[in-house]
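Hi,

Here is the structure I promised to pass on.

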Amino acid sequence: MQPLNTTASGATELLSSGGDARILLDPDSGLNQYHSTPYPRDVIAYASSTANDTSADAFARVLELTEAGLDEYPGALEAMRVRLRRVFNLDREIDIVFAASGTDLEYVPLAGVMARGQSGVHNILLGADEVGSGCIHSARGCHFADRTPLDIACNSGVPLEGMAQVSLVDIPVRTASGEVRASREIEADISREVEFAHGNGKHTLVHAVHGSKTGLILPRLDALDRLMKRWGGAASFVIDACQVRIAPEMVSAYLERSAIVMMTGSKFVGGPPFSGFALIPPRWKAMASDLPLGLARVFRRPEWPSDWPGATCLPDTTNPGLQMRLEASVFELERFTAIPIERVERVIDAFGAAVEDCLISHDQIALVSPCERGYPGEAEDHPLEMRTLVTLDVSSLPQARTFEDAQALHRRIACGGIRLGQPVRCRKLEDGTWAGTLRIGLSMPQVVALAALDDAAMNDALASDMRRVAAALDLAY
């Protein structure tokens, strides 16, 4: 057991350690750069698409664990692997890699395919603006910050040792006007890129997205099946499900297709910022070469399966901050999955109704579509979990016309105690500038709290919150 400071301030310090600079708290405001905290606060928070404050229950769990003394790092992470397999109904053969952020997770599938192409790897991202800015660097095998989770100084944009031969292409998921591109179009774009890479001696890593910043799922599962059948061993697939707005059945569907599934504990899951984990089908380890040596600057040995090829190059040290962030996240996952699905549906329906009544019904607010045109029915293109996230076009508001205006508004209302998801570049105005947007999303701990109320109290709580959001946006009725 590792003795630790068991006060609230000690737990806060622990939860904001062991990551890159994004996790650090401003000494004056007590907030990180996403205006969130690793401790509970009394604020209106619908920011699960960006980052959460830690719930009071999860923070109490962290205090309980630190008071008892942390378990040894390898055993603690192995126990969390068991718990995650239980949550997602996974076989024991599914490997799990832990990371200090979703951005760091991008190194995992790259490491698994670095030796498969004579001339390196061609990495295909979908909608880089909708999956995270740092991924542009890590998906090329490069550092994305000035320090790693091991507190090693580095230069953003410089390749990690052993990961220099990576090319990257970003395929857009929306048109310039903001409409969702057809899955068939994206499938064709991916095929052209795989064909190009294969002709140049490169192995292709194809990203699909299950829950982008605006809730997109692209390409569709049938398109993935066609791509896998056509390209066979020339391409490997990874699913960016970092928002974790995904049902266990879909997780299994992807893993059965030998695709890695990447998730984070700090979005819909509602855990402290930052943590991540990758679910890895068995064929990846069977085909993997030794880990690139550069990963020894990013990962610790217990964070990878002990029998992964080359894992001994990683330092056998600990990251108690990441350990506790993961503990809090798995705690939230387990609480959420214990709720009957019928009750979860009632909460999500009530959330949608409150957003519609208080925000989308206003003539200055529009909904940014999360679905591809041409497919009937929301259930097929917009599953239940994805309906916990709504993207608002607020560009008709004078104070939020452009993306930069919306960023300023987002910061302003966050300082006033109302946290929403960050603006995202997903549609353009007639003059070519990015339109102002904001996002409103439920988190697992919010669903847990709302599910404990009777229907009338639940509806009142959501309507009250949405009216306060409307007031913060200066919406006039």
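Keep in mind that this is a predicted model. I'll start with the strands: β11 (residues 389-393) and β13 run antiparallel and are joined by five bridges.

Next, the nonpolar cores. The largest has 93 residues, and the members that touch the most others are F88, F277, L279, L359 and I440. Helix α12 (residues 341-360) supplies the largest share of this core, with 10 residues. Around F88, leaving out residues up to four places away in sequence, the contacts are V244, P248, V251, S252, M263, F277 and L333. There is also a second, separate core of 33 residues, with A111, F144, M163 and A311 among them.

Last, a helix pair. α1 (residues 8-15) packs against α2 (residues 56-68) at an angle of about 100 degrees, and their axes are 10 Å apart. Angles of 65 to 115 degrees count as roughly perpendicular, and α1 and α2 therefore fall in that class. On the α1 side the contact involves A8, A11, T12, L14 and L15, which meet F59, V62, L63 and T66 in α2. By class, that makes seven nonpolar residues, two polar and no charged ones.

Cheers

Methods: Residues are numbered from 1 along each chain as its sequence is written. This is a predicted model: local features need pLDDT of at least 70, side-chain atom pairs count only at pLDDT 80 or more; totals for chains, interfaces and linings use all residues. Side-chain values use heavy atoms; hydrogens and water are left out. Two strands pair if DSSP finds at least two bridges between them. Helices (H or I, at least four residues) and strands (E, at least two) are DSSP runs, numbered from the N terminus. A nonpolar core is a set of buried Ala, Val, Leu, Ile, Met, Phe, Trp, Tyr and Cys residues joined through side-chain atoms within 4.5 Å. Buried means under 20% relative accessible area, exposed over 50%, partly exposed in between (1.4 Å probe, protein chains only). Contact means heavy atoms within 4.5 Å. Axes are lines fitted to C-alpha atoms, for helices over the stretch in contact, and angles run from 0 to 180 degrees between N-to-C directions. Angles under 35 degrees count as roughly parallel, over 145 as roughly antiparallel, 65 to 115 as roughly perpendicular and the rest as oblique. Ala, Val, Leu, Ile, Met, Phe, Trp, Tyr, Cys and Pro count as nonpolar, Asp, Glu, Lys and Arg as charged, and the others, Gly among them, as polar.
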